[in-house]
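Please consult the sequence and the structure alongside the text.

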Amino acid sequence: MTPIPHPCPLPAHVSAVVFDCDGLLLDTETCWSRAEAALFAEYGFGFGPAEKDLLIGRTLSAACADMAAYFGMPRAAGVELEGKLLTRVEQELSEGVDPMPGALDILNHLGDRVKLGIATNSPRVLLAAALRRAGIADRFDVSIAADEIANPKPAPDIYLEAFDKLNAAPQTGVALEDSSTGVRSAQAAGVFLVTIPSQPGKHLPGDYVCDSLNDERLTAWSRTVVTG
């Protein structure tokens with residue numbers, strides 16, 4: 001008896017696809033982690049998974065305010081830490097950024113068939129630098145950075161803005177995320193959520209959860225999905 005194939009768990013027709021950037025499309029989290037570890041060391045603190053969990057997916061200002069509190073400083077001191085961290089991250093990005101495994105294949109498969117966007121909690125200056133260094137700046141119809149919107153992630157606004165600019169309905173769109181902050185944002189926006197945790201061993205919710213952009217079902221979906 002021929003087995004009945006399981007239906008694809010991802011939607012066959014979408015209004016648009018919007019990606020997070022850091023740790024999802026591009027391996028920039030390693031750049032951020034090196035910069036964050038150096039800044040923690042400057043203030044006499046170690047840097048491990050717990051400290052990374054405090055910062056990942058957050059805006060620069062929110063992460064640095066929490067960092068200041070962790071250091072035993074007033075949260076207002078986060079403004080000074082922002083400048084230091086921004087300088088360190090820019091230096092790391094200038095040395096090169098690699099796409100995450102499977103990222104280029106996914107973008108190539110989606111091609112001109114589906115409208116694509118980026119919604120990131122990074123500031124525009126870092127997003128632009130990362131996309132430029134990775135050579136994928138021209139792959140997206142729209143990109144929204146955290147400093148271009150009043151309420152960044154975990155609020156849904158950045159995803160709602162991205163889909164609005166794409167003239168697409170978020171309820172029939174797909175978002176791809178890697179952090180708990182981004183997951184909360186995408187879920188609040190009402191989009192179909194593909195979750196690919198960037199932290200080893202981290203369990204996050206999503207409508208479809210996998211380990212990599214190289215996931216077999218995700219790759220097959222990217223070859224066949226259409227706008228509609």
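## Local features and overall fold

N167 lies in the loop that links helix 7 to strand 5 (174-177). The model discussed here is predicted. In it, N167 adopts a positive phi of about 55° although the residue is not a glycine.

P154 belongs to the loop between strand 4 (142-144) and helix 7 (157-165). The peptide bond leading from K153 to P154 is cis, and its omega is near 20°. A positive phi also occurs at G111, the residue that follows helix 5, where the value is near 45°.

| Site | Angle | Value |
|---|---|---|
| N167 | phi | about 55° |
| K153 to P154 | omega | near 20° |
| G111 | phi | near 45° |

Helix 5 itself spans residues 103-110, and its buried residues are A103, I106, L107 and L110. Viewed down the axis of helix 5, these buried residues fall within an arc of 95°, so they line one face of the helix. What do the buried residues of helix 5 pack against? Their partners are strand 2 (17-19), strand 3 (116-119) and helix 9 (216-224).

C31 is part of helix 1, which covers residues 29-42. With a relative accessibility of 1%, C31 counts as buried, because the limit for that class is under 20%. Leaving aside residues up to four places away in sequence, C31 touches E92, L93 and G96. C31 and A119 are 88 residues apart along the chain, and a distance of 19 Å separates their C-alpha atoms.

The largest nonpolar core contains 53 residues, and the members that touch the most others are F19, V194 and L218. Helix 6 (residues 124-134) gives the most to this core, contributing six residues. A second, separate core has 19 residues, including F163, L166, V191 and L193. Apart from residues up to four places away in sequence, V194 touches L10, V174, A175, L176, E177, Y208, C210 and L218.

Taken as a whole, the chain has nine helices and eight strands. Its radius of gyration is 18 Å, close to the 17 Å that the globule rule gives for 228 residues, so the chain is as compact as a globular protein of that length. Along the principal axes, the C-alpha atoms fill a box of roughly 65 × 40 × 30 Å. Of the 228 residues, 49% are buried. Contacts between residues at least 6 apart in sequence join residues at least 24 apart in 65% of cases. The accessible surface of the chain amounts to about 10,400 Å², and carbon and sulfur atoms account for 53% of that area.

Confidence in the prediction can be summarised as follows. The average pLDDT of the chain is 92, and 96% of the residues score at least 70. Over residues 1-6, however, the pLDDT is below 50, and this stretch has one contact in the model beyond near neighbours in sequence. Where pLDDT is low, predicted coordinates should not be read in detail.

Methods. Residues numbered from 1 in each chain as written. Predicted model: local features only at pLDDT ≥ 70, side-chain atom pairs only at ≥ 80, totals over all residues. Heavy atoms only, no water. Buried < 20%, exposed > 50% of the residue type's maximum accessible area, 1.4 Å probe, protein only. Helix = DSSP H or I, 4+ residues; strand = E, 2+ residues; numbered from the N terminus. Arc of directions from axis to C-beta. Contact = heavy atoms within 4.5 Å. Core = buried A, V, L, I, M, F, W, Y, C linked by side-chain atoms within 4.5 Å. Rg over C-alpha atoms; globule rule 2.2 N^0.38 Å. Areas by Shrake-Rupley, 256 points an atom, 1.4 Å probe, with all protein chains shown as cover. pLDDT = per-residue confidence, 0-100.
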